[in-house]
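Welcome! Here are a few exercises to work through with the structure in view, each followed by a worked solution.

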Amino acid sequence: MITPFLSLVGAGPGDPELITLKAINVIRQADVVLYDALVHPALLDYAPPQAVRQFVGKRCGSHSLPQEEINRLIVTMARQYGHVVRLKGGDPFIFGRATEEIMVARQHHIGVAVIPGISSVTAVPASQMIPLTSRGLAESFWVTTGTTRSGRLSDDIELAARSSATVVILMGMHHLGDILQIFIRQGKQHTPAAIIQEGTTPQANIVTGTVADIQARAQAAAIGPPAIIIIGEVVPSLSREHP
């Protein structure tokens, strides 16, 4: 008898070694793996040979499947095969739309478990020796998306720019100029900034500078999504810029 079940599993920030042992053990029990664009392909090897593997990722506004179709797949495959592992980059609860998938599973009486993952929010800066908090430099940090569901800038960026905290912005490269202008209007043009592309992977690239010049530096280095923007006094403390 098939028992439908959904596991939302965090795959980590990109490096296939930055996944938890618990996550690996859950993938090994999968009947189906529905995986996102930023999931390292090597992680799929942990699934049993007979497990169904299906890409359902979204990247740079180009959606392989709309979220509604992913929700439908979760229900259909859980009923047909049993244990569905929804493998998400980073942590499922950090801009991962996990809440929607949990609600759909529960509406269809499908059991759910969440296996947290190492988030790119902290891991990517750390991989470049950028601490998000540091005594005397930053007592806290903000994490915000650069692009809301409607495609516009988040209002939280304006609030974050007023604070003394380190600001980490995900999914913000398409609005980089507008984001930086918000900080400039708050008198933060000289605040250190960094952009890290494909952090924790062999393709990682970083540029550092200030709010005033980081966009030009990123363009010169051909930095693009997926990337994390970091703004705050912590940036130059230990970071090292790659050519």
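**Exercise 1.** Which residues form a nonpolar patch on the surface, and how much accessible area do they have together?

*Solution.* Keep in mind that you are looking at a predicted model.
- Step 1: Find Ile94, Phe95, Phe141, Val143 and Met171, which form the nonpolar patch.
- Step 2: Taken together, these residues have about 410 Å² of accessible area.
- Step 3: Pick out Ile94, which sits in the loop between β6 (83-88) and α3 (98-107).
- Step 4: Classify Ile94. Its relative accessibility is 36%; buried means under 20% and exposed means over 50%, so Ile94 counts as partly exposed.

**Exercise 2.** Work out the strand order of the open sheet of five strands, and find its edge strands.

*Solution.* 
- Step 1: Trace the order β8-β9-β12-β10-β11; the pairing is mixed.
- Step 2: Look for strands that pair on one side only. These are the edge strands, β8 (141-145) and β11 (205-210).
- Step 3: Going from one strand to the next, the twist averages 15 degrees.

**Exercise 3.** Describe how β12 pairs with β10 and with β9.

*Solution.* 
- Step 1: Recall that strands of a sheet pair through backbone hydrogen bonds, in either a parallel or an antiparallel sense.
- Step 2: Take β10 (residues 192-197) and β12 (residues 227-231). Their pairing is antiparallel and spans five bridges.
- Step 3: Check two partners: Gln197 is bridged to Ala227 in β12, and Ala194 to Ile230.
- Step 4: Turn to β9, which pairs with β12 over four bridges, in the antiparallel sense. Here Ile169 stands opposite Ile229 of β12.

**Exercise 4.** How many residues of β12 are buried, and on which sides do they lie?

*Solution.* 
- Step 1: Count the buried residues: five of five, leaving β12 mostly covered.
- Step 2: Sort them by face. Ala227, Ile229 and Ile231 are on one side, with Ile228 and Ile230 on the other, and both faces are covered.

Technical notes:
Residues are numbered from 1 along each chain as its sequence is written. This is a predicted model: local features need pLDDT of at least 70, side-chain atom pairs count only at pLDDT 80 or more; totals for chains, interfaces and linings use all residues. Side-chain values use heavy atoms; hydrogens and water are left out. Two strands pair if DSSP finds at least two bridges between them. Helices (H or I, at least four residues) and strands (E, at least two) are DSSP runs, numbered from the N terminus. Axes are lines fitted to C-alpha atoms, for helices over the stretch in contact, and angles run from 0 to 180 degrees between N-to-C directions. Patches are made of residues with over 30% relative accessible area and no salt bridge: like charges are joined within 9 Å, nonpolar side chains (Val, Leu, Ile, Met, Phe, Trp, Tyr) within 5 Å. Accessible areas come from the Shrake-Rupley method with a 1.4 Å probe; for residues, only the protein chains shown count as cover. A salt bridge is a side-chain nitrogen of Lys or Arg within 4 Å of a carboxyl oxygen of Asp or Glu. Buried means under 20% relative accessible area, exposed over 50%, partly exposed in between (1.4 Å probe, protein chains only).
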